[in-house]
Amino acid sequence: MTTDSTARHLTRREALGSAAALCGLAVLASGLTQGQAQARMLPSAETLPDGRVKVPLSQLSRVGAVVVIDVRGERTAVVRVSRSTYRALVLVCTHQGAPVNPSGKGFACSDTSQGHRSRFRRNGSVESGPAYGPLERLPLRKDGTSLIVG
Ligand code: FES
């Protein structure tokens with residue numbers, strides 16, 4: 001194991017703790033556009049007793065739409081990747097664990113002292129490093145008119 005991998009794991013845990021503390025926000029929604037992503041509250045998402053989150057498909061009505069939710073303390077983006085494909089991506093950078101946010105047509109690692117500006121595509125794959133691995137995916141399944149995440 002390289003030093004880089006160890007640092008990523010430790011920092012990711014720290015980042016998750018910070019994310020959980022900040023997640024009085026609970027649920028946010030945003031749409032990815034060519035420009036800057038916008039965020040808004042998503043009151044229609046429901047946290048189930050086991051911690052999974054139910055997201056209405058109506059919130060992801062177009063390809064590229066993104067809903068940001070908290071799944072058991074992990075800030076997670078639910079993305080409509082194509083007409084029939086959705087992904088749930090943990091918003092923690094795979095380089096050293098800095099927060100990742102919707103940006104442009106994908107996601108960007110923060111450029112604060114924690115992050116180093118890696119970029120990820122809409123499907124979570126790396127567009128530019130230094131991150132070398134895709135964003136972590138959470139299980140996701142369709143249930144009628146909703147997605148169940150976690
Ligand atoms: S933490 Fe280094 S690029 Fe994200």
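**View 1. Leu 138 in the loop between β11 and β12 of the predicted model.** Leu 138 lies in the loop that joins β11 to β12 (140-143). The residue has 20 C-beta neighbours inside 10 Å and therefore counts as buried. Beyond its neighbours within four places in sequence, Leu 138 contacts Val 71, Thr 76, Ala 88, Val 90, Val 149 and Gly 150. Glu 74 is 64 residues away from Leu 138 along the chain, yet their C-alpha atoms are separated by 9.8 Å.

**View 2. The largest nonpolar core.** This core comprises 30 residues, and those with the most contacts inside it are Val 55, Ile 69, Ala 77, Val 78, Val 100 and Val 149. At least two core residues come from each of β4 (53-56), β5 (65-71), β6 (74-80), β7 (86-90), β9 (106-109) and β13 (146-149). The greatest contribution is that of β5, with five residues.

**View 3. The surroundings of Ala 77.** With residues up to four places away in sequence left out, Ala 77 touches Val 66, Val 68, Leu 89, Leu 91, Pro 102 and Phe 107.

**View 4. The open four-stranded sheet.** The strands follow the order β8-β9-β10-β11 and pair in the antiparallel sense. At the edges stand β8 (100-103) and β11 (126-128); each has a single partner strand, so one side of each lacks a neighbour in the sheet.

**View 5. The pairing of β9 with β10.** Two bridges connect β9 and β10 (residues 119-120) in an antiparallel arrangement. Phe 107 is placed opposite Phe 120 of β10. Phe 107 is also one of the residues touched by Ala 77.

Notes: Residues are numbered from 1 along each chain as its sequence is written. This is a predicted model: local features need pLDDT of at least 70, side-chain atom pairs count only at pLDDT 80 or more; totals for chains, interfaces and linings use all residues. A nonpolar core is a set of buried Ala, Val, Leu, Ile, Met, Phe, Trp, Tyr and Cys residues joined through C-beta atoms within 7 Å. A residue is buried if 20 or more other C-beta atoms lie within 10 Å of its own, exposed if 12 or fewer, and partly exposed in between; C-beta atoms are placed from the backbone. Two residues are in contact if their C-beta atoms, placed from the backbone, lie within 7 Å. Two strands pair if DSSP finds at least two bridges between them.
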